[in-house]
Amino acid sequence: MRFHFSLLLLVMAGLAVAFVPLPVPAITPQERTFEIDAHQFAYSPSELKVNTGDTITIQLVSADVVHGLYVYGYDISVEADPGQSATLTFVADKPGSFRFRCNITCGAMHPFMIGKLNVGSNSWLYRSIGLAALAVFGVTVSKKPKA
Amino acid sequence: MKRAELISRILIVVGILLAVGAPLFFWARTPLIHARMAEDGGWNPDVIQAEVGKPLHLKFTSDDVVHGFAVGQMDMQSVDILPGKVTDITLNFDEPGIYTFFCTRWCGLNHWRMRGTIEVSGSSSDPEPATVPLYVSLKLDLDAPHDAPVVPNGKPLAISGQSLETNLPIDQSAEYYRSHSPYEVFESLQNTPLTDGQRWNAVAYFWQSNTTSESLANGRQLYAQNCAACHGENGAGNGVFADDLVQAGEASMQSMSGAMNMMMQAPVDFTDPRRMLGASPALLQGKILRGGMGTGMPMWGSIFTEQQIWDLTAYIYSFQFEYEK
């Protein structure tokens, strides 16, 4: 019975670590502009980090052929010819990590032309560290009586 | 009865086969034209035969990246050619001659080399006499240095020049505007009581009054599509290919035996007043029409119409003058 109770406690703690909303630090949304240089077959910079609620403007500059930029999750895209840079403006209202990729066929390695948009802090990293710590703790505790 | 049924069955099958097969047969007979980056061969085939009055059916596909298709000096919407897709185009030619078709989406440093010709045979219903471009009739040397010895301190303002210009001795004809550089017009105002700055403003207004907002808008669009990749979106000669052109300079020189002066160069900076204020519209027309002869500047004469080139020159001067919005 005691064992069952402690297991229940452990599971509750695990759920709490996984799902309890973190105290969100009050960050005033700001406007951010990124100039992304697109060339075969990469973006630079290829990783963007913004806070939730920020208004993001991406200026896509193509350096060789026609490239695009499509953001998963947000389902928005922009296309730029060399010499005609294009801008994409949106509000990053969905937290998480999103891939963006070239959506205009730009050559043989086109499918590998990807980048990443991080919106908000990566809380799942900390949560999973917490869960792992909890699991280790649980295993060590449950093993003690037998030894 | 059985016999009649058999015949009707055969007729139906043959009819269906014909209805489906005949268009497919004719579609398959149209050769597929492959588009590749110029480095990998460009258009294949790059010479197409056609006849006046007969619609020309073409099929295009791309083997690498996004390309586009348009025929020079023809009033047509350019068509995108995408890898893995077949694009059908039907063209009609009213006049015989050799037409140039070209890629309309930038596909690398040598994008502009991606050109081909359509040879249209037949008889002309209304032969137009060929006209000589203005730079030829003026006997301009396109490669001679043409720097203005004096330049204004800032961007001349057309709006300030407007009030001054009304009673100035400037020839208002289009020929005068086209054959004179801003510096020459500035010099012609020497005997007026105006200050240097006022004279430049008057020149700016004179340049503005010789163009229209439609012409500028058209020039801006042509510039963005065809020029900005090298000359830069703001005209500063720093487009995305500018560095590549300079780098290609040495190599391209070796490939052209004997022509030491003719190698890929850095694109011209249109914001440089010395160079631009010393150039007349006719000179710029010549440079655009003929191209840079091995410098990396393409020849646009077979692609742009005369009006399009004038629109472009008008737009290029707007990097020097502050026009009214």
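Two strands count as paired here if DSSP finds at least two bridges between them, and strands themselves are DSSP runs of E with at least two residues, while helices are runs of H or I with at least four, all numbered from the N terminus. One more thing before the views: this is a predicted model, where local features need pLDDT of at least 70, side-chain atom pairs count only at pLDDT 80 or more, and totals for chains, interfaces and linings use all residues. Residues are numbered from 1 along each chain as its sequence is written, with chains lettered from A and ligands numbered from 1 in the order in which they are written.

**View 1. The hairpin of S5(A) and S6(A).** Strand S5 (residues 67–71) of chain A runs antiparallel to strand S6 (residues 76–80), with five bridges holding the pairing. Look for Leu69(A), which sits opposite Val78(A) in S6(A). Four residues lie between the strands, and Gly73(A) has a positive phi near 85°.

**View 2. S5(A) beside S8(A).** S5(A) also pairs with strand S8 (residues 96–101) of chain A, again in the antiparallel sense, over two bridges. Here Val71(A) faces Phe100(A) in S8(A). Four of the five S5(A) residues are buried, so the strand is largely enclosed by the rest of the structure. (Buried means 20 or more other C-beta atoms within 10 Å of a residue's own, exposed means 12 or fewer, and partly exposed is in between; C-beta atoms are placed from the backbone.)

**View 3. Where chain A touches chain B.** The contact involves 15 residues of chain A and 18 of chain B; a contact here is two C-beta atoms, placed from the backbone, within 7 Å. Chain A brings seven nonpolar, six polar and two charged residues to its side. (Nonpolar covers Ala, Val, Leu, Ile, Met, Phe, Trp, Tyr, Cys and Pro; charged covers Asp, Glu, Lys and Arg; the others, Gly among them, are polar.) For the complex, the predictor gives an ipTM of 0.77 and a pTM of 0.82.

**View 4. The two domains of chain B.** Domain 1 takes in 32–121 and domain 2 takes in 134–317, with bounds from an automatic or database domain assignment. Seven residues of domain 1 and nine of domain 2 make the contact between them. On the domain 1 side, four are nonpolar, three polar and none charged. Over C-alpha atoms, the domain centres are 30 Å apart.
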